[in-house]
Structure formats: C-alpha cells, structure tokens
Amino acid sequence: MVELRLPAHGELLFLARLVAEDVAASAEFTVDEVADLRLAVDEAVAAQSRRADDGAVLECAFRCAGRMTVTVATTSSWAFPPGPDEVGWHILRALTDTLDAWTEPAPGTDGWRLCVEFAKEPFPDQR
C-alpha cells in the first residue's frame, strides 16, 4: 500500500495522479488501464478537494493486490460525499469496476470524513 497525504487544494493534486500512474505501471497494468486509473484519481481528488474544509488534508491510499484499489478521503463540514447526482460520479463509474462513497464522523472534530473508494481490475486478455 502507498499512502499520500497532501493539502486539499488544487496546486498539489497532480501528485495523486502521478502516484496512481506509478503504482499502476509498477503492477504491470496496461497503458489503457493506467490512463483510466489516472483519470479516475483525478476526478476523485478534484471532487473531494471541492468539499474539503479550509486547511483540510486529502488522504489517498493506493493498494494493489491483483486489482488496484484507491481510497480518497478528506474532512468536511459538508456531510455529503460525491454521488450519482454528479457528472463526476458517472465518469468514475465508467472508468472503474467498483465504486463506493460514504461519510463517517471525523475523529476529534464536529465535522465529517468523506470517503470515495474505487477499484480497477486488470484486463485479463491483454496480459
């Protein structure tokens, strides 16, 4: 697992795309799969950073064990993670094999921890 923590504002979000690309390439995903993952991470981190409170941290976890699973979380006073009523959700759904979002109480605050998680399976016929 690779974890990345960065301020939840636009200037550094490209780092999450770079990490996703590197982890997927290291796990021998195809060029098309790496591109899908990079775009999915971009959409997830953009959606989460828009919801994040000022000064919040964006947490990205990349796990690769046969398939790549990505979790993007942040804290917010807004209790609603990205969902099916947003265009970005449909982009994520098209690029990934599984997609989920949830809200949980943020430890030590009155706010919320917003989480988005998706996974991408490798294309079996292209190995």
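1. Buried is used here for residues under 20% relative accessible area, and exposed for those over 50%, with partly exposed in between. The coordinates come from a predicted model, and every point below should be read with that in mind.

2. Helix α3 spans residues 87-95, and within the helix Gly88, Trp89, Leu92 and Leu95 are buried. These residues lie on the same side of α3, because they cover an arc of only 130° around the axis. An α-helix has 3.6 residues a turn, so residues three or four places apart point the same way. On the other side of α3, Val87 and Ala94 are exposed.

3. What lies over the buried residues of α3? The cover includes helix α2 (31-51) together with the strands β4 (98-105) and β5 (112-120).

4. On the fold as a whole, the protein chain contains three helices and five strands. Read from the N terminus, the order of elements is β-α-α-β-β-α-β-β. Among contacts with a separation of 6 or more, 62% join residues 24 or more positions apart.

5. On overall dimensions, the radius of gyration of the protein chain is 14 Å, which agrees with the value near 14 Å that a compact globule of 127 residues would have. Taken along the principal axes, the box filled by the C-alpha atoms is roughly 50 × 25 × 25 Å.

6. On burial and surface, 43% of the 127 residues in the protein chain count as buried. The accessible surface is about 6,700 Å², and carbon and sulfur atoms contribute 54% of that area.

7. Val41 lies in helix α2. Is Val41 buried or exposed? Its relative accessible area is 0%, so Val41 is buried. Leaving aside residues up to four places away in sequence, Val41 touches Ala16, Arg17, Ala20, Phe62, Val70 and Phe118.

8. Ala35 counts as partly exposed because its relative accessibility is 23%, and the cut-off for buried is under 20%. Ala35 and Ala25 are 10 residues apart along the chain, and their C-alpha atoms are separated by 9.9 Å.

9. Glu28 is in the loop between α1 (14-26) and α2.

10. Leu15 has its place in helix α1. With a relative accessible area of 30%, Leu15 is partly exposed. Leu15 and Ser77 are 62 residues apart in sequence, and the C-alpha to C-alpha distance is 25 Å.

11. Ala73 is in strand β3, which covers residues 67-76. Ala73 has a relative accessible area of 1% and is therefore buried. Which residues does Ala73 touch, not counting those up to four places away in sequence? They are Gln48, Val57, Leu58, Glu59, Arg113, Leu114 and Cys115. Phe123 is 50 residues from Ala73 in sequence and 27 Å from Ala73 in space, C-alpha to C-alpha.

Conventions: Residues are numbered from 1 along each chain as its sequence is written. This is a predicted model: local features need pLDDT of at least 70, side-chain atom pairs count only at pLDDT 80 or more; totals for chains, interfaces and linings use all residues. Side-chain values use heavy atoms; hydrogens and water are left out. Buried means under 20% relative accessible area, exposed over 50%, partly exposed in between (1.4 Å probe, protein chains only). Helices (H or I, at least four residues) and strands (E, at least two) are DSSP runs, numbered from the N terminus. The arc is that of the directions from the helix axis to the C-beta atoms. Contact means heavy atoms within 4.5 Å. The radius of gyration is taken over C-alpha atoms; the globule rule is 2.2 Å times the number of residues to the power 0.38. Accessible areas come from the Shrake-Rupley method with a 1.4 Å probe; for residues, only the protein chains shown count as cover.
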